[in-house]
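Here's a quick tour of the model you have up on screen. Confidence comes first, then the fold, then a look at one residue.

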Amino acid sequence: MTTSGKLYLVAGASAAGKSTICSAIAAALPNFVAWKKATTRKLRPDSNEDCYYESALAQIEGNERFIIYATNGNIRYGIEVAPIAKLLNSGTNVLLVSVNHGATKELEA
């Protein structure tokens, strides 16, 4: 019997501790994953960021590869559909992190 996982969106102001909380939950609960988002911003060296560089986000309009996306100035962030769906279908709970301005867009979709 396959059990579906649940998707959780953790939203808040920049640098409020969203990623820290999600990482702690994922470390403490074996059936949770804190998912990293894609970004068009070059990653900072020697940092433990909650994102990875993805140039495909530069053309986000009409790009069905991403389930959630937001723009902050010239920087874009997104979450891919396929890996999230695979985790949820396997019964894994997924934690997504977003800033407030992006969460509104994401929840309206």
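Residues 103-109 stay under 50 in pLDDT, the predictor's confidence in each residue on a scale from 0 to 100. For that stretch the model has 11 contacts beyond four places in sequence, a contact being heavy atoms within 4.5 Å. This is a predicted model, so local features need pLDDT of at least 70 and side-chain atom pairs count only at 80 or more, while totals for chains, interfaces and linings use all residues. Numbering runs from 1 along each chain as its sequence is written, and side-chain values use heavy atoms, with hydrogens and water left out.

Here are the two ends of the confidence range among the elements:

| Element | Residues | Mean pLDDT |
|---|---|---|
| helix 3 (lowest) | residues 100-108 | 49 |
| strand 2 (highest) | residues 32-34 | 92 |

The protein averages a pLDDT of 75, and 69% of the residues score at least 70.

As for the fold, there are 3 helices and 7 strands, taken as DSSP runs (helices H or I, at least four residues; strands E, at least two) and numbered from the N terminus. Along the sequence they go β-α-β-β-β-β-β-α-β-α. Of the 109 residues, 32% count as buried, i.e. under 20% relative accessible area with a 1.4 Å probe, protein chains only.

Now for Thr92, in the loop between helix 2 (81-89) and strand 7 (93-99). Thr92 is buried, at a relative accessible area of 13%. Beyond its neighbours within four places in sequence, Thr92 is in contact with Gly5, Lys6, Asn31, Val33 and Leu87.

Terms used:
Buried means under 20% relative accessible area, exposed over 50%, partly exposed in between (1.4 Å probe, protein chains only).
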